Amino acid sequence: MELTRRWIVLATAGVVFAPLAARARATQPALEGAIRALLGEAEPQRGKVKLELPSIVENGNTVPLTVSVDSPMTAADHVESIHIFNQKNPQPYVASFKLGLHAGRARVSTRIRLADSQRVIAIARLADGSFWSDSADVIVTLAACTEQ
Amino acid sequence: MPRVLLNLPSQAKRGEIIEIKTLIAHPMETGYRLDSNGATIPRDIINRFVCTYNGDEIFRAELFPAIAANPFIAFCTVATESGELVFSWTDDRGQTQSETRQITVE
């Protein structure tokens, strides 16, 4: 009787929490898939892009993020779009920004949520079709998204 | 109507790069949180932000649940001519809120 009840409790806990745990994390393949869908056949190069995030944040609910790209912003050489990805939130995408010639300066700031300590990746697409990237590691002491 | 904060110069020199800061009051409900009964709170976020300058699109953002509540977006543009800047935010229900600001370029 005792064993039966314990089993019911354990089985219930497993049924309830296992899917939650699985759902609450973007998997590494999901992240790679999202990045691959953006890049196509191209490979991103390191440099030009500068992703600024605090290295330690107390509250993952609002983390300031600034991404800038070293670009003259001329007709021949300008930033077309900037894409932000994360490793461990439920979805790999954070945001994508479409700039263009009229931006003058390729710099965008926003505030993001981080569900855990993780790496954030920024990829910029330039007018010539090349991709440039940067990444930043953030330690989060109070997580966002999946908590109440 | 959600409250909007916009910060941009009302006057600029021709060719000057101006920074535009935008913020809109919105909960940005992720769709991953549970209410007190254990039911999922449905997703409700602003998924698109567009800025046009005299009718030309100068900036567009596609947003996901990883953007913090009360989404803040700052970006730059070149002051080319006097006219109006229109900012519009669209949420998951398809509702769009727009704000207009005039700029004088000398």
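What share of the 148 residues of chain A count as buried? In this predicted model, the figure is 35%. The secondary structure of chain A consists of two helices and nine strands. Among contacts in chain A with a separation of 6 or more, 69% are between residues 24 or more positions apart.

The largest nonpolar core comprises 57 residues, and those with the most contacts inside it are A:Ile82, A:Val94, A:Ala122, A:Ala124 and B:Ile67. Strand 8 of chain A, residues 118-126, contributes the largest share of this core, with five residues. The contacts of A:Ala122 were examined beyond its sequence neighbours up to four places away. On that basis, A:Ala122 touches A:Val49, A:Leu51, A:Val67, A:Ile82, A:Ile84, A:Ser133 and A:Asp134.

Between the two chains, 29 residues of chain A are in contact with 23 residues of chain B. On the side of chain B that touches chain A, strand 5 (56-63) and strand 6 (72-78) each supply at least two residues. Strand 6 of chain B gives the most to this side, namely seven residues. By class, the side of chain B that touches chain A contains 18 nonpolar, two polar and three charged residues.

Strand pairing also links the chains. Strand 6 of chain A, residues 93-98, pairs with strand 5 of chain B in the antiparallel sense, over four bridges. A:Lys98 has B:Arg60, in strand 5 of chain B, as its bridge partner.

Methods
Residues numbered from 1 in each chain as written. Chains lettered and ligands numbered in written order. Predicted model: local features only at pLDDT ≥ 70, side-chain atom pairs only at ≥ 80, totals over all residues. Buried ≥ 20, exposed ≤ 12 C-beta atoms within 10 Å, placed from the backbone. Contact = placed C-beta atoms within 7 Å. Core = buried A, V, L, I, M, F, W, Y, C linked by C-beta atoms within 7 Å. Nonpolar A, V, L, I, M, F, W, Y, C, P; charged D, E, K, R; others polar. Pairing = 2+ DSSP bridges.
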